[in-house]
Amino acid sequence: MKTLKLRLKDKHAKQLTAISGSVNFVWNYVNELSFKHLRRTGKFFSAYDLAEYTKGSGEFLRLHSQTIQAISETHAKNRKQFKKAKLRWRTNNPKAKVKSLGWIPFKKSAIKHLATRQSGKKALKSTIQLSLASHQKLIIELFDSYNLSLYQINTLELVQDARGRWYACITVKAQNDTKAQGGKGQIGIDLGLKEAATTSDGDTLTVKQTQKWAKKLAIAGRAKNKQRAQAIHAKIKSTRQDLIHKFTTKLVRNNALIVVGDVKSKSFTNKKTKLAKSTYDASWFELKRQLDYKCKHAGCRFDIVNEAYTTQTCSSCRQISDSSPKGRTGLRIREWTCECGVTHDRDINAAKNILAVGLDRLAEGIPSF
């Protein structure tokens, strides 16, 4: 199973925004109902319990019954995942201080792929029929870069971005889905701020998109041009995603073992440091997320290991010398020479040690974190 994200035509935006208002109404109802039940009985409602209270509401809200079930299931899952008694309210009121992005879930029985046709030399466009209440049908057209006719559609969620554009996130099972094959090498990755990632082979990933667009963002902010600011943020996000995708795809294609240090973003984003913006820009979580699912698809081994002392330890003699960088004060040291005579690039040395830790774990048969 995998998820495909496809852009919808803008002509559907107004209708989908109206439907998402009904979805928000159901979400807020089950959110309040679940919270009151918890406060009264000390027990959480399951998705099955919530279904009893939402039965028959589809006709009034013009939503498919399984869409309402999907809302309840997602609410129960998120409440359990985030360990909260009550989740955040959803609203698409333009006057609200915090506006929720549109979201409309559909299950398999409410989805029907009608056709895929070619528009121009390469572009494909697909038409999908979605079921609403009272046998009403919602016909959506989307830009099909994957050719949906090759896949078996499982579920579909219509989601909205900050600029009001709608996308279809479709989970599919390919009929002839052969796994991509990874390489035969092995590599360690050190996550950092100067370079988002540095490999033990010396390759680097530089993101820093927020810094690149900082001046234009500031101009848009002073001019109170919200639309321009949203467009810049979308550009930053898409560029960052593209850079990370290219980097991770190359790693998976060339290696059978990929080892990453377990650096946590939280230790760099607290009020005691001034590294929050650089940390968020580095997108370590997204990098690890992509490596995880790409390695599973390609049959590679992906491990996250304890990176303690990997910067200070010499990857040649495996000793910690007095000249090695230590603590936050040593962040400015980018190159150092060990007492054994070997000169190291700080990040490459750490990546080599991270790979060594991963290999030691494999040799000992200890499971990864």
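Leaving aside its neighbours within four places in sequence, which residues is aspartate 203 in contact with?

A: This is a predicted model. Aspartate 203 is in contact with Ala197, Thr198 and Lys250, once its neighbours within four places in sequence are left aside. Aspartate 203 sits in the loop between β9 (197-199) and β10 (204-205). With a relative accessible area of 34%, aspartate 203 is partly exposed, because that value falls between the 20% limit for buried and the 50% limit for exposed. Aspartate 161 lies 42 residues from aspartate 203 in sequence, and the two C-alpha atoms are 33 Å apart in space.

Isoleucine 320 is in the loop between β12 (301-305) and β13 (335-337). Its relative accessibility is 42%, so isoleucine 320 also counts as partly exposed. Not counting residues up to four places away in sequence, isoleucine 320 touches Tyr309, Gln312, Thr313 and Lys326. Threonine 310 is 10 residues from isoleucine 320 in sequence and 9.4 Å from it in space, C-alpha to C-alpha.

Glutamate 141 belongs to a strand, β5 (residues 137-143). At 18% relative accessibility, glutamate 141 counts as buried, because the limit is 20%. The side chain of glutamate 141 makes a polar contact of 3.0 Å with the side chain of lysine 9. Lysine 9 is also among the residues that glutamate 141 touches beyond four places in sequence; the others are Leu8, Lys11, His12, Arg117, Ser126 and Thr127.

Helix α1 covers residues 13-41. Its 29 residues, at 1.5 Å a residue, should span 42 Å, and the end C-alpha atoms are 41 Å apart, so the two figures agree. After α1 comes glycine 42, which has a positive phi, near 80 degrees.

The cysteines remain. A search of the whole structure gives 0 disulfides. For cysteine 295, the closest cysteine sulfur is that of cysteine 300, 4.8 Å away, and therefore too far for a bond; the cut-off for a disulfide is 2.5 Å between the sulfur atoms. Cysteine 295 has a relative accessible area of 1%, so cysteine 295 is buried.

To return to the part asked about: aspartate 203 is a partly exposed residue in the β9 to β10 loop, with Lys250 among its contacts.

Notes:
Residues numbered from 1 in each chain as written. Predicted model: local features only at pLDDT ≥ 70, side-chain atom pairs only at ≥ 80, totals over all residues. Heavy atoms only, no water. Helix = DSSP H or I, 4+ residues; strand = E, 2+ residues; numbered from the N terminus. Expected span 1.5 Å × (residues − 1). Buried < 20%, exposed > 50% of the residue type's maximum accessible area, 1.4 Å probe, protein only. Polar contact = N/O pair within 3.5 Å; in protein donor to acceptor, adjacent residues only side chain to side chain. Contact = heavy atoms within 4.5 Å.
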